[in-house]
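Please look at the sequence and the structure shown below. The paragraphs that follow move from side chains to strands and then to the contacts that join them.

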Amino acid sequence: MKQDVVETTGPDPVDARLGARLAELRAERGWSLGELAERSGISRSTLSRAERAEISPTASLLNRLCGVYGRTMTRLLSEVEAEPAQVVRAAEQQVWQDKASGFVRRSVSPPHPGLRGELVEGRLTASADIAYDRPPVPGLEQHIWVLEGALDVTAQDVEHHLATGDCLRLRVWGPTRFRCPGPEDARYALAVVLP
């Protein structure tokens with residue numbers, strides 16, 4: 001079983017802001033760590049360490065928290081940045097890495113007030129396998145366009161084998177899985193639209 005956290009040597013600035021935002025979201029709802037642990041299925045100690053930026057949460061852990069808070073991962077990550085601009089320069093696009101799974105996520109077009117869509121670039125190393133137990137928002141619309149390599153996506157118990165240039169369109173209601181069968185790494189664009 002893969003870890004839900006990656007040990008860090010010192011607080012990364014993004015992880016520190018992310019931890020503070022996670023603590024704010026919990027406080028806004030008036031939940032204790034125990035209540036959040038029950039709702040998310042994540043241990044109290046892991047939640048506490050994530051809020052204090054003692055650990056760097058994985059994509060899977062963040063997805064579970066996003067589900068509890070009714071946010072997409074990109075929306076959560078954008079909340080730890082300054083107000084988003086209309087033009088997002090390549091050098092300013094937030095990059096987040098889940099070192100445990102070999103997943104790199106670039107927020108190409110982060111959430112913006114008044115807009116329901118966002119655009120993400122994902123990279124998975126060969127043999128990387130990420131499973132999400134639920135969507136961050138039920139009925140979330142996704143368009144997954146493979147730019148390089150191959151990607152296997154499982155949704156609603158159906159596995160879709162995507163080659164370079166293929167695009168999968170779906171609404172996410174339950175668990176999903178993204179796997180890079182290799183031998184090359186996979187790079188894909190993910191368009192996300194809130195219901």
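Arg29 has a relative accessibility of 30%, so this residue counts as partly exposed. The model considered here is a predicted one. Arg29 and Glu28 are joined by a salt bridge in which the closest N and O atoms are 3.8 Å apart. Arg29 has a further contact: this residue lies over the face of Trp31, at 5.8 Å from the ring centre.

From Trp31 the reader may turn to the aromatic rings. The structure contains three aromatic pairs. One of them is formed by Trp31 and Tyr69, which are stacked, with 5.9 Å from centre to centre and 15° between the planes. Trp31 belongs to the loop between helix H1 (13–29) and helix H2 (33–40), while Tyr69 belongs to helix H4 (residues 59–69), so the pair ties together parts that are 38 residues apart in sequence. Trp31 and Tyr69 are both buried.

A further ring pair is that of Phe178 and Tyr188. Their ring centres are 5.9 Å apart and their planes meet at 25°; because planes under 30 degrees apart count as stacked, this pair is stacked. The pair links distant parts of the chain, with Phe178 in strand S11 and Tyr188 in strand S12 (residues 186–193), 10 residues apart. Phe178 and Tyr188 are each buried. Ring pairs also bring in Tyr132, so that Tyr132, Phe178 and Tyr188 are linked into a cluster.

Strand S11 leads on to a sheet. In what order do the four strands of the open sheet lie? The order is S6-S11-S8-S9, and the pairing is antiparallel. Strand S6 (129–132) and strand S9 (158–162) are the edge strands, each of which pairs on one side only. From one strand to the next, the twist averages 15°. Within this sheet, strand S8 (residues 151–155) and strand S11 (residues 176–179) run antiparallel and are joined by four bridges. Ala155 stands opposite Thr176 in S11.

What is the distance between the closest N and O atoms of Arg179 and Asp152? In this salt bridge the closest N and O atoms are 2.5 Å apart. The pair links distant parts of the chain, since Arg179 lies in strand S11 and Asp152 in strand S8, 27 residues apart. Arg179 has 25% relative accessibility and so counts as partly exposed. Asp152, at 5% relative accessibility, counts as buried, because the limit for a buried residue is under 20%.

Arg179 also meets Glu159 in a salt bridge, at 3.9 Å from N to O. Arg179 is in strand S11 and Glu159 is in strand S9, so this pair ties together parts that are 20 residues apart in sequence. Glu159 is partly exposed, with a relative accessible area of 38%.

Elsewhere, salt bridges join several residues into a network. The members of this network are Arg106, Glu121, Arg123, Glu148 and Arg187.

Notes
Residues numbered from 1 in each chain as written. Predicted model: local features only at pLDDT ≥ 70, side-chain atom pairs only at ≥ 80, totals over all residues. Heavy atoms only, no water. Pairing = 2+ DSSP bridges. Helix = DSSP H or I, 4+ residues; strand = E, 2+ residues; numbered from the N terminus. Axes fitted to C-alpha atoms, helices over the stretch in contact; angles between N-to-C directions. Phe/Tyr/Trp six-rings, centres within 6.5 Å; stacked < 30°, edge-to-face > 60°. Buried < 20%, exposed > 50% of the residue type's maximum accessible area, 1.4 Å probe, protein only. Lys NZ or Arg CZ within 6 Å of the ring centre and 35° of its normal. Salt bridge = Lys/Arg side-chain N within 4 Å of Asp/Glu carboxyl O.
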